[in-house]
Amino acid sequence: MKQALAAEAEAVGFSRMRVTTPDSVPEIAERLSAFLEAGRHGQMGWMAERVHWRGDPSALWPEARSVIVLAELYTPDHDPLEVLESRDRAAISVYAQGRDYHDLVKKRLKRLGRWLLEETQRRGAEGEQIKVFVDTAPVMEKPLAQAAGMGWQGKHTNLLSRELGSWFFLGSIFTTLALPVDPPEKPHCGNCRACLDICPTGAFPAPFQLDARRCISYLTIEHKGPVDPELRPLMGNRIYGCDDCLAVCPWNKFARKGSETRYHGLVGAPHLADLAVLDDAGFRARFSGSPIKRIGRDRLVRNVLYAIGNSGRADLIPVAQGLAGDADGAVADAARWAVMALRR
Ligand code: B12
Ligand code: SF4
Ligand code: SF4
């Protein structure tokens with residue numbers, strides 16, 4: 001059954017499948033508590049809700065006997081750090097260059113789950129159930145994936161693998177079906193600390209630990225309202241997500257390319273001046289189907305104004321000045337900050 005499932009996972013487009021049990025990561029409850037107690041989740045209040053589930057996958061659905069972990073590659077075909085040199089352009093994270101992974105991964109998980117139920121029925125087992133998860137549920141996907149042998153959590157805390165590199169999303173299927181488990185993966189970071197050293201904002205208090213409040217991915221996507229003025233200059237032209245700690249990882253030399261072309265080629269590196277003038281309707285039209293749509297026009301324009309302030313381009317002063325009276329307080333504040341930064 002497991003072999004047939006792995007073949008079907010590949011057929012629906014996943015790059016790798018591994019299996020573990022819901023109780024395979026007993027240490028995460030304590031680590032999650034430490035993260036939350038230190039306030040490292042910032043404004044992501046939803047992380048502190050339902051911790052009894054997030055910290056213990058076996059409590060989430062007590063009937064589940066196996067967790068099928070799936071990897072979906074989105075490996076870029078360019079160096080994601082190059083755009084950081086083009087200061088009048090927007091650096092948008094690789095994962096947000098195309099269609100929203102939540103939609104694509106969820107569809108694939110549902111297809112695979114349906115197949116699993118039909119196949120178990122065909123083989124004579126009745127009443128098995130599944131639940132599919134990607135990203136937004138109270139499930140800590142990385143430690144579960146490590147326990148399943150998909151890869152290991154690097155010092156940057158993301159999951160990476162010797163064969164896949166680190167440019168992949170995770171999804172999981174919990175099921176009542178008991179499947180044979182895979183052995184966990186061991187860490188292969190050794191003495192390397194490239195990801196820790198490159199982080200522009202010093203977001204790693206220690207290896208394997210992230211303070212999301214300093215992470216540019218958090219600041220540009222999750223953080224509401226004005227960003228701490230001390231962190232703004234460190235954000236450079238990154239206006240949605242950040243890839244530095246992934247891009248520098250030596251294991252990505254071996255990164256395999258995925259088969260899903262829809263993760264690429266939609267947004268590129270637009271001029272900051274073009275993004276700054278978007279209104280709500282223009283924003284929605286431009287980012288329809290993209291994960292960027294989730295943050296809304298105001299947060300995007302706020303981020304673009306920080307990037308304008310960091311651009312060193314005096315010709316962008318009028319663009320920022322035009323937004324100094326914006327109805328959104330954080331946008332207006334970012335516009336005034338950008339004008340001051342460019343005049344300095
Ligand atoms: C919240 C969240 C964020 C937050 C916080 C990130 C974080 N590291 O916690 C922010 C907004 C910053 C973020 C950013 C990004 N994210 Co995010 N995020 C999540 C989410 C929803 C939950 C993660 C979580 O539970 N964090 C809580 C902390 C406590 O858990 P943890 O990171 O596993 O922490 C572990 C370590 O601290 C460790 N630990 C502590 N001490 C020690 C000591 C030792 C020795 C060891 C070994 C470990 C260890 O134990 C903890 C438990 O395992 C997951 C989806 C999900 N449901 O799991 C996606 C997810 C992790 N994100 C993902 C991605 C792609 C990103 C970005 C790359 C996007 C981008 N380009 O901007 C960045 C990467 C930033 C980074 N370096 O982590 C992917 C990662 C895929 C992968 N291959 O790992 C996920 C899995 C989404 C998905 N479904 O694909 N993200
Ligand atoms: S995503 Fe960027 S800001 Fe966040 S930890 Fe990695 S390098 Fe640092
Ligand atoms: S850059 Fe180095 S330390 Fe960081 S995850 Fe990759 S191998 Fe590990």
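Because the model is predicted, local features need pLDDT of at least 70 and side-chain atom pairs count only at pLDDT 80 or more, whereas totals for chains, interfaces and linings use all residues.

**The sheet**

Helices (H or I, at least four residues) and strands (E, at least two) are DSSP runs, numbered from the N terminus. Strand β1 pairs with β2 (residues 66–73) in the antiparallel sense, over five bridges; two strands pair if DSSP finds at least two bridges between them. Together they belong to an open sheet of four strands, ordered β1-β2-β7-β4, with antiparallel pairing. At its edges lie β1 (16–20) and β4 (130–133), each of which pairs on one side only. From one strand to the next, the twist averages 20°.

Helix α5 (residues 101–122) lies across β2, β4 and β7 (168–175), and runs at about 35° to β7. Axes here are lines fitted to C-alpha atoms, for helices over the stretch in contact, and angles run from 0 to 180 degrees between N-to-C directions.

The protein chain is divided into domain 1 (2–78 + 94–175) and domain 2 (270–344), with bounds from an automatic or database domain assignment. Their centres, taken over C-alpha atoms, are separated by 35 Å. Four residues of domain 1 are in contact with four of domain 2, where contact means C-beta atoms, placed from the backbone, within 7 Å. The side of domain 1 that touches domain 2 has two nonpolar, no polar and two charged residues. In this classification, Ala, Val, Leu, Ile, Met, Phe, Trp, Tyr, Cys and Pro count as nonpolar, Asp, Glu, Lys and Arg as charged, and the others, Gly among them, as polar.

Now for a helix pair: the axes of α12 (residues 296–309) and α14 (residues 329–343) come within 8 Å and cross at roughly 10°. The two are therefore roughly parallel to each other, a term for angles under 35 degrees. Residues of α12 that meet α14 include Val301, Leu305 and Ile308, and among those they face in α14 are Ala334, Trp337 and Ala338. By class, this contact has 12 nonpolar, one polar and two charged residues.

**The ligand shells**

A residue is near a ligand if its C-beta atom, placed from the backbone, lies within 6 Å of it. The shells divide by class as follows.

| Ligand | Nonpolar | Polar | Charged |
|---|---|---|---|
| Ligand 2 | eight residues | three residues | one residue |

For ligand 2, α8 (216–221) and α9 (244–247) each supply at least two residues of the shell. The surrounding residues include His156, Cys199, Cys215, Ser217, Cys242 and Cys245. Of the 13 residues around ligand 3, Gly154, Cys189, Cys192, Cys195 and Cys249 come nearest.

Definitions and conventions:
Residues numbered from 1 in each chain as written. Chains lettered and ligands numbered in written order. Contact = placed C-beta atoms within 7 Å. Parallel < 35°, antiparallel > 145°, perpendicular 65-115°, else oblique.
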